[in-house]
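Hello,

Have a look at it first, and then read on for what turned up.

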Amino acid sequence: MRVAPPLRQRWASSPPNSSSSSTKGGVSAEVEETRPLMMDADGTKSSMVGSKTDSDRTSGGVTEGASQPQDGGTHTSEELSLRRILPSLCVILSLSFACHALGLSDLAEDVTVAAARTLVQLSCLGAVLSPLIKSTASYPAPLYVLLFMLPLAAYESSARSSLTYDGARWNALMGLGTAVIANVAVAVFGVLRPTPRLGARHVIPLAGMLLNNSLSAVALALDRLLDELKGGGGSSRLELMLAFGATPSEASYPAAADAVTSSMVPTLNAMNVIGLVAIPGMMTGQILGGSNPTRAARYQIMIMFLIAAACGMSAGITCWLTVRDAFDDRGVFLDERIVEQRSARISKLLGGG
């Protein structure tokens, strides 16, 4: 019986780029090339030289080049087209029809309008982000965030409270801007470190998630603080503390602290049950896209930490600016500055009813 030569001898007799062929029964069979292997960072082996043949690229009728799973994940090779999301659209339209059949016409209309706006707005967002993400310049993404996303978030956060005052929108802009810029900088310069640092692929999604959560925190804080200052339980306490010689900051501190605490409750509740009750949206999207669940979990951990920090910072800065504007230079509380909210929310401005 013939014994196969050692690997070193076979390597010496068969160079990496050479191949031999043998004929058996008139049919030529190509001998597979021998290639040195290298170890990737994730522990997988890959070829150093040469390229795979067409038969190597195809396994089970699926071409590898069509869609490569990331970090050991698996996903479909076809792009998710609008036609393929029609079943999900049928589900929400069925809900609208059911509401209408049960006599809930207003709810049915709200569901239909919300579904239509979701489809149109996200489609437009994808069309806007595509050229921004393909661009190699660093300035389009910060400009988009500062000139479009941030002013809309400031307007929406100030319009959600039942009470308002002159300068509420500007103070919300300062609070949101400071918190979001600081936390996005931590993400792109300290954690992710992409190239380019301010590319749209990282800056816009991060800023969007932080603004969405921070504007809700600012809205809750403003509503609670203004209600306490205007006519809630904190109004008499404020006047009493001022009468005993407390400064405006000391007199309004309990109401401001209560407002910031209330604004953080939804975020803290979400952090306490995250991974136990539900999988967060960004982590779900990454897993569906083929990412390794461990890697997706680490990204979500970073996002949740930044969201909590942005919510606390934005609510705290906005409340501090609000207290400053509620008193004059002599420390007199200006009750007449706080008035009923008259600004419409963005959903109403865009025809949402």
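**The overall picture**

In this protein, residues 24 or more positions apart account for 63% of the contacts with a separation of 6 or more, where contact means heavy atoms within 4.5 Å. Please keep in mind that this is a predicted model, in which local features need pLDDT of at least 70 and side-chain atom pairs count only at pLDDT 80 or more, while totals for chains, interfaces and linings use all residues. Residues are numbered from 1 along each chain as its sequence is written, and side-chain values use heavy atoms, with hydrogens and water left out.

The secondary structure comes to 12 helices and 8 strands. Both kinds are DSSP runs numbered from the N terminus, with helices being H or I of at least four residues and strands being E of at least two. Of the 353 residues, 29% count as buried; that word means under 20% relative accessible area, with exposed meaning over 50% and partly exposed in between (1.4 Å probe, protein chains only).

Just after α3, Gly103 takes a positive phi of about 85°.

Two packed helices are described by the angle between their axes and the distance between the axes. Here the axes are lines fitted to C-alpha atoms, for helices over the stretch in contact, and angles run from 0 to 180 degrees between N-to-C directions.

The axes of α3 and α4 come within 7 Å and cross at roughly 165°. That makes α3 roughly antiparallel to α4, since angles over 145 degrees count as roughly antiparallel, under 35 as roughly parallel, 65 to 115 as roughly perpendicular and the rest as oblique. The crossing of α3 and α4 is left-handed, a term used if the near helix is turned anticlockwise from the far one by less than a right angle, with right-handed used if clockwise.

On the α3 side, Ile92, Leu95, Ser96, Cys99 and His100 meet Ser105, Leu107, Ala108, Val111, Thr112 and Ala115 of α4. By class, this contact has 7 nonpolar, 4 polar and no charged residues. Ala, Val, Leu, Ile, Met, Phe, Trp, Tyr, Cys and Pro count as nonpolar, Asp, Glu, Lys and Arg as charged, and the others, Gly among them, as polar.

**Helix α7 and its partners**

Next comes α7 (residues 200-230), whose axis comes within 8 Å of that of α4 (residues 105-134), with a crossing of roughly 140°. The two helices are therefore oblique to each other. Leu129, Leu132 and Ile133 of α4 make the contact with Ala200, Arg201 and Ile204 of α7. By class, there are 5 nonpolar, no polar and 1 charged residues in it.

The axes of α7 and α9 (residues 248-273) also come within 8 Å, and they cross at roughly 150°, which makes α7 roughly antiparallel to α9. α7 passes α9 in a right-handed crossing. Among the residues making this contact are Leu220, Arg224 and Glu228 of α7, and Ala255, Asp258 and Ser262 of α9. The contact of α7 with α9 has 9 nonpolar, 2 polar and 3 charged residues by class.

Pro254 also lies in α9, where Pro254 is partly exposed at a relative accessible area of 27%. Its C-alpha atom is separated by 9.2 Å from that of Arg237, 17 residues apart along the chain.

**A few single residues**

The loop between α6 (168-192) and α7 is worth a visit. Pro196 is found there, and the peptide bond from Thr195 to Pro196 is cis, with omega near 0°. Arg193 is in that loop too; Arg193 has a positive phi of about 55° although it is not a glycine, and counts as exposed at 53% relative accessibility.

Thr164, in strand β7 (residues 163-164), is buried, with a relative accessible area of 13%. Leaving aside residues up to four places away in sequence, Thr164 touches Leu226, Arg337, Ile338, Val339, Glu340 and Gln341.

Finally, Gly285 lies in helix α10 (residues 281-288) and is partly exposed, at 43%.
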